[in-house]
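Hi,

Here is the structure I promised to pass on. My notes follow below it.

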Amino acid sequence: MLFTELESQISALTTASAALEPTPAELISWQEAADNLLREFIGSLSTQKTFSPSQPRTLTDFDQEVGDSDSPQHLLAAVKNGLTGSGISTAGAGHLGFIPGGGLYLGAVADHFAAGINAFTADAYSSPIGVYIHNQTVRWLADLIGYDDLAWGDVTSGGSQATLTALCVARDASGIKPRDYANTCVYLGEHTHHCSKKALDILFAGDLQIRYVPSINYVMDHAWLANQIETDIKKGLKPWLIVATAGSTNLGLVDPISLISTLARKYKIWLHVDGAYGGFFKLCPETSAMFSGLAEADSVVLDPHKGMFLPYGCGAVIFKDGSHLGRAFAATGSYLQDRVNKSVSQRSPMDYSMELTRPFRSLRVWLAIKVYGTSIFASALSEKLLLTRYACQKISALPNIVIAAPIDLSIFAFRYQPASGDLRSRDDCTKELLRKINLHGDVFLTSTLIDGHFVIRVAVLSFRTHIQTMDSLVKIIGEESLSITMSLKS
Ligand SMILES: Cc1ncc(COP(=O)(O)O)c(C=O)c1O
(Lines give C-alpha, C1' and ligand atoms only; values in the text may rest on other atoms or scores of the structure.)
Protein backbone atom coordinates (compact mmCIF):
# COMPACT_ATOMS: atom_id res chain seq x y z
CA MET A 1 0.00 0.00 0.00
CA LEU A 2 1.26 3.42 -0.92
CA PHE A 3 1.99 5.77 1.94
CA THR A 4 -0.55 8.33 0.73
CA GLU A 5 -3.21 5.63 0.44
CA LEU A 6 -2.41 4.54 3.99
CA GLU A 7 -2.79 8.12 5.21
CA SER A 8 -6.10 8.57 3.45
CA GLN A 9 -7.49 5.27 4.86
CA ILE A 10 -6.43 6.25 8.37
CA SER A 11 -8.08 9.60 7.96
CA ALA A 12 -11.32 8.00 6.73
CA LEU A 13 -11.38 5.58 9.67
CA THR A 14 -10.66 8.37 12.16
CA THR A 15 -13.63 10.28 10.80
CA ALA A 16 -15.82 7.15 10.87
CA SER A 17 -15.08 6.56 14.56
CA ALA A 18 -14.96 10.18 15.71
CA ALA A 19 -18.40 9.98 17.35
CA LEU A 20 -16.91 7.80 20.13
CA GLU A 21 -15.84 11.05 21.80
CA PRO A 22 -19.04 12.88 22.74
CA THR A 23 -19.36 16.56 21.99
CA PRO A 24 -19.77 18.81 25.04
CA ALA A 25 -23.48 19.15 24.11
CA GLU A 26 -23.92 15.36 23.94
CA LEU A 27 -22.14 14.97 27.25
CA ILE A 28 -24.55 17.37 28.89
CA SER A 29 -27.67 15.90 27.30
CA TRP A 30 -26.75 12.26 28.14
CA GLN A 31 -25.93 13.25 31.66
CA GLU A 32 -29.19 15.15 32.01
CA ALA A 33 -31.17 12.24 30.57
CA ALA A 34 -29.58 9.77 32.97
CA ASP A 35 -30.02 12.17 35.91
CA ASN A 36 -33.68 12.80 35.08
CA LEU A 37 -34.44 9.10 34.72
CA LEU A 38 -32.71 8.33 38.00
CA ARG A 39 -34.45 11.18 39.80
CA GLU A 40 -37.75 9.88 38.48
CA PHE A 41 -36.84 6.33 39.52
CA ILE A 42 -35.81 7.26 43.06
CA GLY A 43 -38.72 9.65 43.44
CA SER A 44 -41.20 6.94 42.54
CA LEU A 45 -39.65 4.16 44.65
CA SER A 46 -42.24 4.50 47.40
CA THR A 47 -45.09 4.00 44.92
CA GLN A 48 -43.44 1.33 42.80
CA LYS A 49 -44.46 -2.29 43.27
CA THR A 50 -41.72 -4.25 45.04
CA PHE A 51 -42.61 -7.33 43.04
CA SER A 52 -44.46 -7.48 39.72
CA PRO A 53 -45.87 -10.98 39.45
CA SER A 54 -48.89 -10.01 37.36
CA GLN A 55 -48.42 -8.55 33.90
CA PRO A 56 -44.68 -8.05 34.17
CA ARG A 57 -42.98 -6.36 31.26
CA THR A 58 -41.91 -9.08 28.86
CA LEU A 59 -38.77 -9.36 26.75
CA THR A 60 -40.92 -8.59 23.71
CA ASP A 61 -42.23 -5.41 25.37
CA PHE A 62 -38.66 -4.40 25.99
CA ASP A 63 -37.51 -5.16 22.43
CA GLN A 64 -40.44 -3.18 21.09
CA GLU A 65 -39.64 -0.19 23.24
CA VAL A 66 -35.98 -0.30 22.25
CA GLY A 67 -36.97 -0.53 18.59
CA ASP A 68 -34.17 0.56 16.28
CA SER A 69 -33.33 3.66 18.27
CA ASP A 70 -29.73 4.72 18.73
CA SER A 71 -30.55 7.59 21.05
CA PRO A 72 -28.94 7.12 24.52
CA GLN A 73 -31.87 9.04 26.05
CA HIS A 74 -34.42 6.72 24.45
CA LEU A 75 -32.43 3.55 25.18
CA LEU A 76 -31.84 4.46 28.84
CA ALA A 77 -35.55 5.23 29.26
CA ALA A 78 -36.41 1.79 27.80
CA VAL A 79 -33.93 0.15 30.17
CA LYS A 80 -35.39 2.03 33.14
CA ASN A 81 -38.94 1.04 32.19
CA GLY A 82 -37.86 -2.57 31.66
CA LEU A 83 -35.97 -2.77 34.95
CA THR A 84 -38.73 -1.18 37.00
CA GLY A 85 -41.64 -3.01 35.38
CA SER A 86 -40.52 -6.58 35.96
CA GLY A 87 -38.92 -8.79 38.61
CA ILE A 88 -38.06 -7.48 42.08
CA SER A 89 -37.55 -3.83 42.92
CA THR A 90 -34.32 -4.51 44.79
CA ALA A 91 -33.76 -0.81 45.52
CA GLY A 92 -37.13 -0.41 47.25
CA ALA A 93 -38.02 -0.49 50.94
CA GLY A 94 -40.27 -3.54 50.52
CA HIS A 95 -37.47 -5.84 49.37
CA LEU A 96 -37.16 -8.19 52.32
CA GLY A 97 -36.14 -11.31 50.38
CA PHE A 98 -32.70 -12.92 49.84
CA ILE A 99 -30.26 -10.27 51.21
CA PRO A 100 -31.33 -6.70 50.38
CA GLY A 101 -29.19 -3.55 50.61
CA GLY A 102 -30.87 -0.83 48.60
CA GLY A 103 -27.96 0.76 46.75
CA LEU A 104 -26.81 4.09 48.19
CA TYR A 105 -27.03 6.71 45.49
CA LEU A 106 -23.65 8.06 46.54
CA GLY A 107 -22.24 4.73 45.33
CA ALA A 108 -23.77 5.34 41.90
CA VAL A 109 -22.17 8.78 41.81
CA ALA A 110 -18.81 7.23 42.72
CA ASP A 111 -19.17 4.62 39.96
CA HIS A 112 -20.11 7.18 37.36
CA PHE A 113 -17.21 9.37 38.31
CA ALA A 114 -14.75 6.47 38.44
CA ALA A 115 -15.84 5.12 35.06
CA GLY A 116 -15.69 8.61 33.52
CA ILE A 117 -12.09 9.06 34.61
CA ASN A 118 -11.21 5.40 33.96
CA ALA A 119 -8.06 5.44 36.10
CA PHE A 120 -6.02 2.23 36.10
CA THR A 121 -6.20 1.66 39.84
CA ALA A 122 -4.61 -1.79 39.78
CA ASP A 123 -1.21 -0.19 40.07
CA ALA A 124 0.27 2.62 42.17
CA TYR A 125 2.62 3.55 39.34
CA SER A 126 -0.37 4.26 37.14
CA SER A 127 -2.69 5.84 39.70
CA PRO A 128 -0.98 6.72 42.99
CA ILE A 129 -4.02 8.54 44.36
CA GLY A 130 -6.52 5.90 43.17
CA VAL A 131 -4.44 3.23 44.85
CA TYR A 132 -4.07 5.36 47.98
CA ILE A 133 -7.88 5.60 48.16
CA HIS A 134 -8.17 1.82 47.67
CA ASN A 135 -5.56 1.17 50.34
CA GLN A 136 -7.27 3.49 52.83
CA THR A 137 -10.47 1.51 52.18
CA VAL A 138 -8.76 -1.83 52.82
CA ARG A 139 -7.21 -0.43 56.01
CA TRP A 140 -10.60 0.79 57.25
CA LEU A 141 -12.15 -2.63 56.65
CA ALA A 142 -9.24 -4.34 58.43
CA ASP A 143 -9.68 -1.98 61.40
CA LEU A 144 -13.40 -2.76 61.52
CA ILE A 145 -12.59 -6.45 61.91
CA GLY A 146 -10.11 -5.59 64.67
CA TYR A 147 -6.98 -6.72 62.80
CA ASP A 148 -3.57 -5.13 63.43
CA ASP A 149 -1.14 -3.60 60.93
CA LEU A 150 -0.14 -6.98 59.49
CA ALA A 151 -3.57 -7.38 57.92
CA TRP A 152 -4.24 -6.77 54.27
CA GLY A 153 -6.91 -7.57 51.73
CA ASP A 154 -8.82 -6.50 48.69
CA VAL A 155 -12.10 -5.01 47.55
CA THR A 156 -13.79 -7.48 45.21
CA SER A 157 -16.92 -7.72 43.06
CA GLY A 158 -18.82 -9.44 45.89
CA GLY A 159 -18.78 -12.11 48.57
CA SER A 160 -18.37 -15.03 46.17
CA GLN A 161 -15.24 -13.64 44.55
CA ALA A 162 -13.92 -12.65 47.99
CA THR A 163 -14.47 -16.22 49.23
CA LEU A 164 -12.68 -17.72 46.24
CA THR A 165 -9.76 -15.39 46.94
CA ALA A 166 -9.75 -16.31 50.64
CA LEU A 167 -9.74 -20.05 50.08
CA CYS A 168 -7.14 -19.86 47.32
CA VAL A 169 -4.83 -17.89 49.63
CA ALA A 170 -5.59 -20.29 52.51
CA ARG A 171 -4.59 -23.25 50.34
CA ASP A 172 -1.28 -21.69 49.32
CA ALA A 173 -0.48 -20.36 52.79
CA SER A 174 -1.02 -23.88 54.18
CA GLY A 175 1.26 -25.39 51.52
CA ILE A 176 -1.42 -27.80 50.28
CA LYS A 177 -0.43 -29.51 47.04
CA PRO A 178 -2.57 -31.72 44.76
CA ARG A 179 -1.10 -34.87 46.30
CA ASP A 180 -2.52 -33.73 49.70
CA TYR A 181 -6.06 -32.99 48.53
CA ALA A 182 -7.60 -36.40 49.25
CA ASN A 183 -6.36 -36.30 52.88
CA THR A 184 -7.32 -32.70 53.55
CA CYS A 185 -10.40 -31.96 55.68
CA VAL A 186 -12.65 -28.95 55.43
CA TYR A 187 -15.41 -28.16 57.93
CA LEU A 188 -18.44 -26.27 56.66
CA GLY A 189 -21.62 -25.53 58.58
CA GLU A 190 -25.07 -26.73 57.58
CA HIS A 191 -25.91 -23.09 56.90
CA THR A 192 -22.66 -22.11 55.14
CA HIS A 193 -23.40 -20.09 52.00
CA HIS A 194 -22.91 -22.14 48.85
CA CYS A 195 -20.14 -19.85 47.59
CA SER A 196 -17.66 -21.62 49.91
CA LYS A 197 -18.43 -25.04 48.42
CA LYS A 198 -18.30 -23.48 44.96
CA ALA A 199 -14.86 -21.99 45.70
CA LEU A 200 -13.63 -25.37 47.01
CA ASP A 201 -14.92 -27.11 43.87
CA ILE A 202 -13.13 -24.56 41.67
CA LEU A 203 -9.88 -24.85 43.62
CA PHE A 204 -9.81 -28.58 44.35
CA ALA A 205 -12.12 -30.14 41.74
CA GLY A 206 -14.06 -31.93 44.49
CA ASP A 207 -11.04 -33.87 45.80
CA LEU A 208 -11.32 -32.89 49.48
CA GLN A 209 -12.83 -34.45 52.59
CA ILE A 210 -15.73 -32.09 53.26
CA ARG A 211 -17.48 -32.39 56.64
CA TYR A 212 -20.79 -30.65 57.24
CA VAL A 213 -20.83 -29.71 60.91
CA PRO A 214 -24.33 -30.18 62.36
CA SER A 215 -26.02 -27.30 64.14
CA ILE A 216 -27.38 -26.62 67.58
CA ASN A 217 -30.05 -23.96 67.30
CA TYR A 218 -28.98 -23.50 63.68
CA VAL A 219 -25.37 -22.52 64.43
CA MET A 220 -22.28 -24.72 64.28
CA ASP A 221 -22.03 -27.31 67.04
CA HIS A 222 -18.45 -26.61 68.07
CA ALA A 223 -18.29 -29.69 70.35
CA TRP A 224 -19.13 -31.93 67.36
CA LEU A 225 -16.52 -30.04 65.38
CA ALA A 226 -13.86 -30.66 68.07
CA ASN A 227 -14.65 -34.39 68.12
CA GLN A 228 -14.57 -34.64 64.35
CA ILE A 229 -11.20 -32.88 64.17
CA GLU A 230 -9.79 -35.40 66.70
CA THR A 231 -11.27 -38.30 64.72
CA ASP A 232 -9.81 -36.99 61.48
CA ILE A 233 -6.37 -36.56 63.03
CA LYS A 234 -6.51 -40.13 64.36
CA LYS A 235 -7.32 -41.35 60.87
CA GLY A 236 -4.14 -39.66 59.60
CA LEU A 237 -6.08 -36.92 57.79
CA LYS A 238 -5.16 -33.22 57.81
CA PRO A 239 -7.79 -30.81 59.21
CA TRP A 240 -7.12 -27.69 57.16
CA LEU A 241 -10.03 -25.25 56.99
CA ILE A 242 -13.07 -24.24 59.03
CA VAL A 243 -15.60 -21.90 57.42
CA ALA A 244 -17.66 -20.19 60.11
CA THR A 245 -20.46 -17.76 59.34
CA ALA A 246 -21.08 -14.43 61.01
CA GLY A 247 -24.68 -14.00 59.90
CA SER A 248 -26.11 -16.89 57.90
CA THR A 249 -28.07 -16.22 54.73
CA ASN A 250 -30.88 -18.51 55.83
CA LEU A 251 -31.49 -17.15 59.32
CA GLY A 252 -28.95 -14.40 60.01
CA LEU A 253 -27.42 -16.40 62.85
CA VAL A 254 -23.83 -16.04 64.00
CA ASP A 255 -21.70 -19.15 64.63
CA PRO A 256 -19.84 -19.22 67.99
CA ILE A 257 -16.79 -17.57 66.46
CA SER A 258 -14.83 -17.22 69.66
CA LEU A 259 -15.12 -20.93 70.53
CA ILE A 260 -14.41 -21.95 66.97
CA SER A 261 -11.36 -19.70 66.79
CA THR A 262 -9.99 -21.32 69.96
CA LEU A 263 -10.34 -24.72 68.27
CA ALA A 264 -8.76 -23.43 65.08
CA ARG A 265 -5.76 -22.11 67.01
CA LYS A 266 -5.39 -25.32 69.04
CA TYR A 267 -5.27 -27.52 65.94
CA LYS A 268 -3.58 -24.95 63.65
CA ILE A 269 -6.50 -24.92 61.25
CA TRP A 270 -7.18 -21.97 58.94
CA LEU A 271 -10.32 -20.19 60.15
CA HIS A 272 -12.28 -18.34 57.52
CA VAL A 273 -15.29 -16.29 58.62
CA ASP A 274 -18.01 -15.41 56.13
CA GLY A 275 -19.33 -12.05 57.27
CA ALA A 276 -20.73 -11.14 53.84
CA TYR A 277 -24.19 -10.51 55.22
CA GLY A 278 -23.57 -10.00 58.93
CA GLY A 279 -20.05 -8.56 59.28
CA PHE A 280 -21.03 -4.89 59.45
CA PHE A 281 -23.29 -5.56 62.45
CA LYS A 282 -20.03 -5.56 64.39
CA LEU A 283 -20.46 -1.77 64.29
CA CYS A 284 -23.65 -1.97 66.40
CA PRO A 285 -23.38 -1.88 70.21
CA GLU A 286 -26.25 -4.41 70.47
CA THR A 287 -24.49 -7.08 68.44
CA SER A 288 -20.76 -6.35 68.53
CA ALA A 289 -20.15 -8.99 71.24
CA MET A 290 -21.32 -11.72 68.84
CA PHE A 291 -18.25 -10.97 66.77
CA SER A 292 -15.73 -11.51 69.53
CA GLY A 293 -13.00 -13.76 68.18
CA LEU A 294 -13.43 -12.34 64.67
CA ALA A 295 -9.98 -10.78 64.78
CA GLU A 296 -8.56 -14.27 65.46
CA ALA A 297 -9.82 -15.52 62.09
CA ASP A 298 -7.22 -15.94 59.36
CA SER A 299 -9.54 -14.44 56.76
CA VAL A 300 -12.84 -12.60 56.79
CA VAL A 301 -15.27 -11.73 54.00
CA LEU A 302 -17.44 -8.61 54.22
CA ASP A 303 -19.88 -7.33 51.60
CA PRO A 304 -20.22 -3.53 51.51
CA HIS A 305 -23.00 -4.08 48.94
CA LYS A 306 -24.98 -5.62 51.77
CA GLY A 307 -24.14 -4.12 55.18
CA MET A 308 -23.07 -0.73 53.82
CA PHE A 309 -26.03 -0.65 51.40
CA LEU A 310 -23.77 0.14 48.44
CA PRO A 311 -24.79 -0.78 44.88
CA TYR A 312 -24.15 -4.37 43.81
CA GLY A 313 -20.56 -5.20 42.92
CA CYS A 314 -18.72 -4.48 46.15
CA GLY A 315 -17.34 -7.22 48.42
CA ALA A 316 -14.13 -7.47 50.42
CA VAL A 317 -11.73 -10.04 51.80
CA ILE A 318 -9.24 -9.26 54.56
CA PHE A 319 -6.44 -11.49 55.88
CA LYS A 320 -5.04 -11.38 59.39
CA ASP A 321 -1.58 -11.81 57.85
CA GLY A 322 -1.74 -9.92 54.57
CA SER A 323 1.60 -11.29 53.38
CA HIS A 324 -0.18 -14.56 52.46
CA LEU A 325 -2.27 -12.62 49.97
CA GLY A 326 0.81 -11.04 48.39
CA ARG A 327 2.53 -14.44 48.06
CA ALA A 328 -0.51 -16.17 46.53
CA PHE A 329 -0.94 -13.59 43.80
CA ALA A 330 2.64 -12.56 43.09
CA ALA A 331 3.04 -12.77 39.32
CA THR A 332 4.19 -10.45 36.62
CA GLY A 333 5.17 -10.23 32.96
CA SER A 334 7.86 -8.39 30.99
CA TYR A 335 5.14 -6.11 29.55
CA LEU A 336 4.76 -4.75 33.09
CA GLN A 337 8.44 -4.02 33.70
CA ASP A 338 7.93 -0.25 33.44
CA ARG A 339 5.60 -0.15 36.41
CA VAL A 340 8.49 -0.55 38.80
CA ASN A 341 8.93 2.92 40.18
CA LYS A 342 10.98 3.28 43.30
CA SER A 343 9.29 6.53 44.24
CA VAL A 344 5.99 4.74 44.65
CA SER A 345 6.00 3.02 48.01
CA GLN A 346 2.38 1.87 48.11
CA ARG A 347 1.03 -1.63 47.70
CA SER A 348 -0.68 -2.09 44.35
CA PRO A 349 -3.99 -4.01 44.23
CA MET A 350 -2.81 -6.11 41.25
CA ASP A 351 -0.19 -7.71 43.51
CA TYR A 352 -2.89 -8.75 46.01
CA SER A 353 -5.60 -9.98 43.68
CA MET A 354 -6.43 -12.39 40.90
CA GLU A 355 -7.54 -9.38 38.89
CA LEU A 356 -5.29 -7.09 36.93
CA THR A 357 -7.56 -4.45 35.39
CA ARG A 358 -10.42 -3.60 37.74
CA PRO A 359 -13.14 -1.03 38.15
CA PHE A 360 -12.35 1.58 40.80
CA ARG A 361 -14.89 0.02 43.16
CA SER A 362 -13.12 1.10 46.35
CA LEU A 363 -14.17 4.67 45.59
CA ARG A 364 -17.74 3.76 46.57
CA VAL A 365 -16.71 2.62 50.03
CA TRP A 366 -14.22 5.43 50.53
CA LEU A 367 -16.66 8.15 49.44
CA ALA A 368 -19.42 6.72 51.66
CA ILE A 369 -17.13 6.71 54.70
CA LYS A 370 -15.79 10.20 54.00
CA VAL A 371 -19.23 11.71 53.40
CA TYR A 372 -21.27 9.87 56.00
CA GLY A 373 -18.73 8.70 58.60
CA THR A 374 -19.06 5.32 60.28
CA SER A 375 -21.64 6.05 62.93
CA ILE A 376 -24.47 6.58 60.42
CA PHE A 377 -24.02 2.97 59.27
CA ALA A 378 -24.11 1.79 62.89
CA SER A 379 -27.37 3.72 63.37
CA ALA A 380 -28.96 2.37 60.18
CA LEU A 381 -27.96 -1.19 61.07
CA SER A 382 -29.19 -0.83 64.66
CA GLU A 383 -32.49 0.40 63.23
CA LYS A 384 -32.66 -2.81 61.13
CA LEU A 385 -32.01 -4.91 64.24
CA LEU A 386 -34.91 -3.21 66.02
CA LEU A 387 -37.24 -3.34 63.01
CA THR A 388 -36.62 -7.08 62.82
CA ARG A 389 -37.60 -7.56 66.45
CA TYR A 390 -40.59 -5.23 66.07
CA ALA A 391 -41.97 -7.15 63.07
CA CYS A 392 -41.16 -10.51 64.59
CA GLN A 393 -43.00 -9.70 67.82
CA LYS A 394 -46.08 -8.54 65.93
CA ILE A 395 -46.06 -11.47 63.52
CA SER A 396 -45.58 -14.01 66.31
CA ALA A 397 -48.81 -12.71 67.90
CA LEU A 398 -50.84 -13.59 64.77
CA PRO A 399 -52.96 -16.75 64.93
CA ASN A 400 -51.42 -19.80 63.21
CA ILE A 401 -48.05 -18.14 62.76
CA VAL A 402 -44.97 -19.66 64.38
CA ILE A 403 -41.50 -18.12 64.44
CA ALA A 404 -39.17 -20.85 63.21
CA ALA A 405 -35.77 -19.99 64.73
CA PRO A 406 -33.97 -17.64 67.12
CA ILE A 407 -32.88 -14.20 65.92
CA ASP A 408 -29.35 -12.78 66.11
CA LEU A 409 -29.28 -10.04 63.48
CA SER A 410 -31.83 -8.75 60.98
CA ILE A 411 -33.38 -11.93 59.54
CA PHE A 412 -36.15 -14.07 60.96
CA ALA A 413 -38.18 -17.00 59.64
CA PHE A 414 -41.75 -18.05 60.25
CA ARG A 415 -44.28 -20.62 59.09
CA TYR A 416 -47.99 -21.20 59.01
CA GLN A 417 -49.16 -23.77 61.54
CA PRO A 418 -52.53 -25.34 60.62
CA ALA A 419 -54.79 -26.40 63.50
CA SER A 420 -54.47 -30.10 64.28
CA GLY A 421 -56.75 -32.16 62.12
CA ASP A 422 -56.31 -29.95 59.06
CA LEU A 423 -55.48 -32.05 56.07
CA ARG A 424 -53.12 -29.68 54.32
CA SER A 425 -49.56 -29.90 55.56
CA ARG A 426 -47.91 -26.95 57.21
CA ASP A 427 -45.36 -26.78 54.35
CA ASP A 428 -48.14 -26.50 51.77
CA CYS A 429 -49.88 -23.79 53.77
CA THR A 430 -46.63 -21.87 54.29
CA LYS A 431 -45.84 -22.05 50.55
CA GLU A 432 -49.33 -20.78 49.80
CA LEU A 433 -48.92 -17.99 52.34
CA LEU A 434 -45.69 -16.84 50.68
CA ARG A 435 -47.35 -16.86 47.25
CA LYS A 436 -50.22 -14.74 48.56
CA ILE A 437 -47.94 -12.27 50.38
CA ASN A 438 -45.83 -11.69 47.28
CA LEU A 439 -48.91 -11.34 45.07
CA HIS A 440 -49.66 -8.07 46.87
CA GLY A 441 -46.49 -6.69 45.32
CA ASP A 442 -45.88 -4.32 48.26
CA VAL A 443 -43.26 -6.46 49.94
CA PHE A 444 -41.13 -9.27 48.61
CA LEU A 445 -40.15 -12.25 50.77
CA THR A 446 -38.28 -15.47 49.99
CA SER A 447 -38.24 -18.89 51.58
CA THR A 448 -35.78 -21.51 52.73
CA LEU A 449 -35.76 -24.94 54.32
CA ILE A 450 -35.24 -25.34 58.06
CA ASP A 451 -35.00 -28.88 59.43
CA GLY A 452 -36.22 -29.97 55.99
CA HIS A 453 -39.35 -27.81 56.24
CA PHE A 454 -40.46 -24.81 54.22
CA VAL A 455 -40.21 -21.46 56.05
CA ILE A 456 -40.61 -17.85 54.95
CA ARG A 457 -37.73 -15.49 55.64
CA VAL A 458 -37.87 -11.78 56.39
CA ALA A 459 -34.51 -10.10 55.73
CA VAL A 460 -34.35 -6.46 56.82
CA LEU A 461 -31.26 -4.82 55.37
CA SER A 462 -32.23 -2.08 52.96
CA PHE A 463 -31.36 1.40 54.22
CA ARG A 464 -34.76 2.43 52.80
CA THR A 465 -36.74 -0.02 54.96
CA HIS A 466 -38.34 1.67 57.96
CA ILE A 467 -41.19 1.01 60.38
CA GLN A 468 -43.96 1.72 57.80
CA THR A 469 -42.78 -1.23 55.71
CA MET A 470 -42.81 -3.46 58.79
CA ASP A 471 -46.37 -2.36 59.54
CA SER A 472 -47.53 -3.18 56.00
CA LEU A 473 -45.73 -6.51 56.20
CA VAL A 474 -47.51 -7.42 59.44
CA LYS A 475 -50.85 -6.34 57.96
CA ILE A 476 -50.38 -8.39 54.78
CA ILE A 477 -49.27 -11.48 56.70
CA GLY A 478 -52.24 -11.07 59.07
CA GLU A 479 -54.72 -10.83 56.16
CA GLU A 480 -53.25 -13.65 54.12
CA SER A 481 -52.77 -16.08 57.00
CA LEU A 482 -56.40 -15.44 57.95
CA SER A 483 -57.51 -16.16 54.38
CA ILE A 484 -55.66 -19.49 54.52
CA THR A 485 -57.30 -20.32 57.85
CA MET A 486 -60.72 -19.53 56.36
CA SER A 487 -60.04 -21.63 53.27
CA LEU A 488 -58.99 -24.58 55.47
CA LYS A 489 -62.26 -24.33 57.35
CA SER A 490 -64.46 -24.16 54.28
C1 LIG B 1 -23.46 -15.19 54.07
C2 LIG B 1 -23.19 -14.94 52.62
N3 LIG B 1 -22.01 -15.28 52.10
C4 LIG B 1 -21.71 -15.07 50.80
C5 LIG B 1 -22.62 -14.53 49.94
C6 LIG B 1 -22.28 -14.34 48.50
O7 LIG B 1 -22.07 -12.98 48.26
P8 LIG B 1 -22.23 -12.32 46.81
O9 LIG B 1 -23.66 -12.47 46.44
O10 LIG B 1 -21.81 -10.92 47.06
O11 LIG B 1 -21.33 -13.05 45.89
C12 LIG B 1 -23.89 -14.18 50.42
C13 LIG B 1 -24.91 -13.60 49.53
O14 LIG B 1 -26.04 -13.42 49.89
C15 LIG B 1 -24.18 -14.38 51.80
O16 LIG B 1 -25.38 -14.07 52.33
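Let me begin with a helix pair: the axes of helix α5 (residues 105-117) and helix α13 (residues 362-372) cross at roughly 130° and come within 9 Å. Axes here are lines fitted to C-alpha atoms, for helices over the stretch in contact, with angles from 0 to 180 degrees between N-to-C directions. That makes α5 oblique to α13 (under 35 degrees counts as roughly parallel, over 145 as roughly antiparallel, 65 to 115 as roughly perpendicular, the rest as oblique). On the α5 side, the contact is made by Leu 106, Gly 107, Ala 110, Asp 111 and Ala 114, and on the α13 side by Leu 363, Arg 364, Leu 367, Ala 368 and Val 371; contact means C-beta atoms, placed from the backbone, within 7 Å.

This is a predicted model, where local features need pLDDT of at least 70 and side-chain atom pairs count only at pLDDT 80 or more, while totals for chains, interfaces and linings use all residues. Residues are numbered from 1 along each chain as its sequence is written. Helices (H or I, at least four residues) and strands (E, at least two) are DSSP runs, numbered from the N terminus.

Now the sheet: seven strands make an open, mixed sheet in the order β1-β9-β8-β7-β6-β2-β3, where pairing takes at least two DSSP bridges between two strands. β1 (152-156) and β3 (209-213) are at the edges with a single partner strand each, so one side of each has no neighbour in the sheet. β1 runs antiparallel to β9 (residues 315-319), joined by five bridges, and Val 155 is opposite Ala 316 in β9.

Best wishes

Notes. Two residues are in contact if their C-beta atoms, placed from the backbone, lie within 7 Å.
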